[in-house]
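Q: Can we go through this fold together, starting with the sheet and ending with a single side chain?

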Amino acid sequence: CFESAPATRTPKPGSYVDGKWVGTIGTPTLHSVTIQPVSEKEIDSLSKGGERLVDARKIYVNDGDLYSISPSDDWTFTGIDGTFKTVKLDNRPWRNYCKAIVSRKDD
């Protein structure tokens, strides 16, 4: 059984300025998430993209404005050290949750 835990999402919006992407930091929002392990099959599939995954986890976001969650967002979780980046996002409008795979950012 998986329990929900508090998490903070920090949006990383931005825009193009003179043809170059300039990122900004948005206002952090609190969410309730369920954290689950990532399967070997999912890790294998994501690793084929050439990105190194460090401490990957699957999260289900259970509340808040689910449609504002984007692939550029960063996450922090209560009781877990580090900041996590979104690697894969499944945010379908007919669901009442959002599924994402996140990976701890390397220092």
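Q: What should I know about the model and the numbering before we start?

A: This is a predicted model, so local features need pLDDT of at least 70 and side-chain atom pairs count only at pLDDT 80 or more, while totals for chains, interfaces and linings use all residues. Residues are numbered from 1 along each chain as its sequence is written, and side-chain values use heavy atoms, with hydrogens and water left out.

Q: Which order do the strands close in?

A: The 6 strands form a barrel in the order E1-E4-E5-E8-E7-E6, with antiparallel pairing. Strands here are DSSP runs (E, at least two residues), numbered from the N terminus, and two strands pair if DSSP finds at least two bridges between them.

Q: How many bridges join E4 to E5?

A: There are 5, and the two strands run antiparallel. Pro37 has Arg57 in E5 as its bridge partner.

Q: And what about E1 with E4, over how many bridges?

A: E1 (residues 4–10) and E4 (residues 29–37) pair over 6 bridges in the antiparallel sense. Ala7 stands opposite His31 in E4.

Q: Then E5 and E8, how many bridges?

A: E5 (residues 57–61) pairs with E8 (residues 98–104) over 5 bridges, again antiparallel. Tyr60 is opposite Lys99 in E8.

Q: New topic. Which residues have the most contacts inside the largest nonpolar core?

A: Ile59, Val61, Trp75 and Phe77, in a core of 13 residues. A nonpolar core is a set of buried Ala, Val, Leu, Ile, Met, Phe, Trp, Tyr and Cys residues joined through side-chain atoms within 4.5 Å. Buried means under 20% relative accessible area (exposed is over 50%, partly exposed in between; 1.4 Å probe, protein chains only).

Q: Which strand gives the most to it?

A: E8, with 3 residues. E5, E6 (74–77), E7 (80–90) and E8 each supply at least two. A second, separate core of 5 residues includes Val38, Leu46, Leu53 and Ile101.

Q: Last one, Asp90: buried or exposed?

A: Asp90 is buried, at a relative accessible area of 15%, and lies in strand E7.

Q: What does its side chain make polar contacts with?

A: The side chain of Asp90 makes one with the side chain of Arg92 (2.8 Å) and one with that of Arg95 (3.1 Å). A polar contact is a pair of N or O atoms within 3.5 Å; within protein, one must be able to donate a hydrogen and the other to accept it, and residues adjacent in sequence count only if both atoms are side-chain atoms.

Notes: Helix = DSSP H or I, 4+ residues; strand = E, 2+ residues; numbered from the N terminus.
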